[in-house]
Each structure stands twice: as C-alpha cells, then as structure tokens.
Amino acid sequence: MSVPRFWRKQVARYNLIGTHCTNCGAYYYPPRNMCPTCRRDGKLENFKFSGKGELLTYTVIHTAAEGFEKQTPYVLGIVKLEEGPSLTSQIIGDPASMRIGLKVRPVFR
Ligand SMILES: [Zn+2]
C-alpha cells in the first residue's frame, strides 16, 4: 500500500465519516455510494459517527507488523458502533482488561 493511500484511509477512519440512507434508515461505515438495500431508491448522505460502541471481538497482537514493533502487545478489535456498523480498530488499553461487550469510545492519537 502506498503511503498517501494509507494516510487517506487513516483520515477517513479518524473522522468516522460514513453514510446514512434516509430512505431505509441504514448506516454504513466505511461510506458507500449506493444503499445495498434500496439500490436506486436509496438516498445517501454523509454521516459522522459518534465512535461509541462495544467490543464484538478482539485479538492481542504480540508480533507486530513492520513499524508497530514498539507498540506490542496491542489490541485489535472489531467495534460495533451504536448506530449499527462494525469497524476494525486498534483498541487502546491494557490487553488484560479487554472483554467482549466492553464499551468503547474514540480516542484520537
Ligand atoms: Zn436504504
């Protein structure tokens, strides 16, 4: 992955901008160009997620990808946002304190 593309992805994730279909009420993250439920009838608008949610599942990373060696051990988790969609994110906190259902909120680093 090229560096500029990597950073663009990070910006989208940190801003938590997704889309909301005003026709069926569904929320999408990452943003979509078309509502898969409504198709042509969907009306999508940008939506900024609060980032609050709960931990669906997680894994503790001990052997890090290149560039992340100094951060180990760290936690990668799937967070289910209050509005519905799930996203993968690094979870900040003591790996021993992680549990499924843990309430999370966004931190900006
Ligand atoms: Zn829809």
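Modeller: A definition before anything else: rings of Phe, Tyr and Trp (its six-membered ring) pair if their centres lie within 6.5 Å, with planes under 30 degrees apart called stacked, over 60 edge-to-face and the rest tilted. Bear in mind that this is a predicted model, where local features need pLDDT of at least 70, side-chain atom pairs count only at pLDDT 80 or more, and totals for chains, interfaces and linings use all residues. Residues are numbered from 1 along each chain as its sequence is written, and side-chain values use heavy atoms, with hydrogens and water left out.

Colleague: Which residues do ring pairs link into a cluster?

Modeller: By that rule the count comes to five aromatic pairs. Tyr 29 and Phe 49 make an edge-to-face one, 5.9 Å centre to centre with 90° between the planes. Phe 47 and Phe 49 are edge-to-face too, at 5.0 Å and 75°. The cluster linked by ring pairs is Tyr 27, Tyr 29, Phe 47 and Phe 49.

Colleague: And is Phe 49 buried or exposed?

Modeller: Buried means under 20% relative accessible area, exposed over 50%, partly exposed in between (1.4 Å probe, protein chains only). For Phe 49 the relative accessible area is 2%, so the word is buried.

Colleague: On to the metal. What is the arrangement of the four donor atoms around the zinc ion?

Modeller: Donors are N, O and S atoms within 2.8 Å of the metal (3.2 Å for Na, K and Ca); water is not among the atoms, so sites may look incomplete. Here the SG atoms of Cys 21, Cys 24, Cys 35 and Cys 38 coordinate the zinc ion at 2.2 to 2.3 Å. Four donors count as tetrahedral if all angles lie between 85 and 135 degrees; four count as square planar and six as octahedral if opposite donors are over 155 degrees apart and all others between 65 and 115; anything else is irregular. The angles at the zinc ion are 104 to 114°, which makes the arrangement tetrahedral.

Colleague: How are the donor residues of the zinc ion spaced in sequence?

Modeller: Both Cys 21 and Cys 38 are buried. In sequence, the spacing of the donor residues is C-x2-C-x10-C-x2-C.
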